[in-house]
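Below is a short report on selected strands, sheets and side-chain contacts. Please read it alongside the sequence and the model.

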Amino acid sequence: LEVAEVVGDGLSTLTRIDTGAELGAALSVRADGKLVTACFGAKFRVYLGNCLERPAELVARDEAVADFTENEPSLNCCALSRHAEAATGGDDGVVRVWRVPELTLRKTCEGHEAAVTSVEFADGGHVLCTASRDKTCRLWSAATGAQLCVLDVGDRCPPPPPAKNKRLPPPKLSCRACLFADDSTLLCAASYARGPAYLQRWTLQKDLSPALADCRKVSPYPVSAAAKTRSLVALGDVDGRLLVLDAPTLAPKRRAKLHDLPVTTLAFSEALTLYSASADSRLGSLPCARTSSAARIPALLAALLVALLALLLAALLPANLS
């Protein structure tokens, strides 16, 4: 596990800690940088330190091993709330809510029929959303573990295109990510095994009943990573492409192909630069900040003053020459 600083197009290592031989699958960092949770195989670990200060420091605090019953189990995702809670999801389809940093298991959320692929807390920390390979996204109470509603994402996607090889079975659809755009809006990314990928926007009524507001094809390839801010949502696919959309309208904002292999992780900086990591071991960056009208006014005034000065000089120059 490594803490690094972005320097130009590369990374400068600040500190690292040996995590063993298990493959790292997910990472979540608290906003103050003092607590990190990570998934390695069937293990869920907590690290304490400070990622934002210099020198950066991380120390292993505790570890829990998931109580799986399947062969080759693994955890796929983790998330931190603003409170002292974390959530994990894995191949057994169970979402677990933990108290951190002591890693006390508080609640289990059961209902998914396949592996959980993403988990996220709402801003308040009392509700969490999950995505799964069972073609659904779901909302849960973090306090009780009760299922609040089911979003039938797979049933609302168009059917897959006909396969060129008729001997192949129909491609399966799975949900890759479920994100809170705000407290009453969810963004769900789903894709077929060989593509295409779709992004859906769901609205929640007061009784938490979901209603599909929009569904758009976003890539001919399966989605492999997702991230969001209040105004933007970003998707990465297995072809190394990035797509940035307006969260309220799902209108495309930026597209770029920055990698040769699947995108594995996406994250926005405070300056709205989208950073991407890939199986090609390269770091990508895509500026997404939009220049506001207020920021353009000084530039327009400067251009106007230059134009007026040029006209004034043009008027005075003939008089001086005469």
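Both Phe44 and Trp98 are buried, where buried means under 20% relative accessible area, exposed over 50% and partly exposed in between, with a 1.4 Å probe and protein chains only. The model is predicted: local features need pLDDT of at least 70, side-chain atom pairs count only at pLDDT 80 or more, and totals for chains, interfaces and linings use all residues. Residues are numbered from 1 along each chain as its sequence is written, and side-chain values use heavy atoms, with hydrogens and water left out.

**The aromatic pair**

Rings of Phe, Tyr and Trp (its six-membered ring) pair if their centres lie within 6.5 Å; planes under 30 degrees apart count as stacked, over 60 as edge-to-face and the rest as tilted. The count by this rule is 1 aromatic pair. Phe44 and Trp98 form it, in a tilted arrangement, with 5.7 Å centre to centre and 40° between the planes. Phe44 belongs to strand E5 (residues 43–50) and Trp98 to strand E9 (residues 95–99), so the pair ties together parts that are 54 residues apart in sequence. Strands here are DSSP runs (E, at least two residues), numbered from the N terminus.

Strand E4 (residues 35–40) is mostly covered, with 6 of its 6 residues buried. In a regular strand the side chains alternate between the two faces of the sheet. Both faces of E4 are covered: Leu35, Thr37 and Cys39 are buried on one side, and Val36, Ala38 and Phe40 on the other.

Two strands pair if DSSP finds at least two bridges between them. Strand E3 (residues 24–29) runs antiparallel to E4, joined by 5 bridges. The E3–E4 hairpin has 5 residues between the strands, and Gly33 takes a positive phi near 75° there. E4 also pairs with E5 in the antiparallel sense, over 6 bridges. That hairpin has 2 residues between its strands; Gly41 in the turn has a positive phi of about 60°.

Antiparallel pairs and their bridges:

| Strands | Bridges | Partner residues |
|---|---|---|
| E4 and E5 | 6 bridges | Thr37 and Val46 |
| E17 and E18 | 8 bridges | Tyr198 and Lys217 |
| E19 and E20 | 5 bridges | Ala227 and Ala234 |

**Two buried residues**

Which strand holds Gln200? Gln200 is placed in strand E17. Gln200 counts as buried because its relative accessibility is 0%. A polar contact is a pair of N or O atoms within 3.5 Å; within protein, one must be able to donate a hydrogen and the other to accept it, and residues adjacent in sequence count only if both atoms are side-chain atoms. The side chain of Gln200 reaches the backbone oxygen of Val153 at 3.2 Å. A polar contact of 2.8 Å joins the side chains of Gln200 and Trp202.

Leu139 is found in strand E13 (residues 137–141). Leu139 is buried, at a relative accessible area of 2%. Leu139 touches (heavy atoms within 4.5 Å) residues including Val127, Cys129, Leu148 and Leu204, not counting residues up to four places away in sequence.

Note on methods:
Helix = DSSP H or I, 4+ residues; strand = E, 2+ residues; numbered from the N terminus.
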